[in-house]
Amino acid sequence: MKCVVLDSGAIFKIDISVLPFSFFTTQSVLSEIKNRRTVSRIDFAISAGRLSIQNPNNNSIEKIQEVATKTGDIAVLSHVDIDVLALAYELKGSNEDVELWSNDFAVQNVASILNISWRSPEYRIKSVLIWEFKCPGCGKRFKKLTHDGLCDVCGTPLRRHRKKRVMR
Ligand SMILES: [Zn+2]
């Protein structure tokens, strides 16, 4: 089974119980999670054997720090990000088929350099808000904001309204 390493952003987003992977994360990721519901969801995944907690060794951490220093990503990576990258690096080193799930650009960048495959865990359908503008004075609707932000009929400042969500 493919190993998937989750960073702290990814662990919130996905439903571990339904995906056919062997999930890993680090103790430092877990200690960042304060939301009770997420904590109990994760505890359940651990006790069900769906999620393993593994901490990277110092050599892997140093390797990540070295690469991230070269790329400049070190400036924005937290110690948790480094742990997660180090764990993915280590699993890959022991010939595991591993993928790192993170939405963080710096994490993705360092992963790419180390040939660790990664993906952004966007399993939820994205919805896009469409806005329209309406004059609170005369009620005229506008698809776009006028150049001065005022109604071209009565001169009242336009207000923005949410029109709809578009799924994509
Ligand atoms: Zn108007």
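**Close-up views of a predicted model**

View 1. The model is predicted. Helix α6 itself spans residues 105-113.

View 2. An α-helix has 3.6 residues a turn, so residues three or four places apart point the same way. Phe105, Ser112 and Ile113 are exposed on the other side of α6.

**View 3. Packing partners of the buried residues of α6.** Two helices take part: α4 (58-71) and α5 (79-93). Two strands do as well: β4 (98-101) and β5 (117-119).

**View 4. Helix α4 crosses helix α6.** The two axes come within 10 Å and cross at roughly 110°. Angles of 65 to 115 degrees count as roughly perpendicular, so α4 is roughly perpendicular to α6. From α4, the contact is made by Ile64, Val67, Ala68 and Thr71. From α6, Asn109, Val110 and Ile113 contribute. By class, the contact of α4 with α6 has five nonpolar, two polar and no charged residues.

**View 5. Ser17 in the loop between α1 and β2.** The loop runs between α1 (8-13) and β2 (22-25). Ser17 has 12 other C-beta atoms within 10 Å. A residue with 12 or fewer is exposed, so Ser17 is exposed. Leaving aside neighbours within four places in sequence, Ser17 is in contact with Ala45 and Arg50. Ser17 and Glu96 are 79 residues apart along the chain, and their C-alpha atoms are separated by 21 Å.

Terms used. Residues numbered from 1 in each chain as written. Predicted model: local features only at pLDDT ≥ 70, side-chain atom pairs only at ≥ 80, totals over all residues. Buried ≥ 20, exposed ≤ 12 C-beta atoms within 10 Å, placed from the backbone. Helix = DSSP H or I, 4+ residues; strand = E, 2+ residues; numbered from the N terminus. Contact = placed C-beta atoms within 7 Å. Axes fitted to C-alpha atoms, helices over the stretch in contact; angles between N-to-C directions. Parallel < 35°, antiparallel > 145°, perpendicular 65-115°, else oblique. Nonpolar A, V, L, I, M, F, W, Y, C, P; charged D, E, K, R; others polar.
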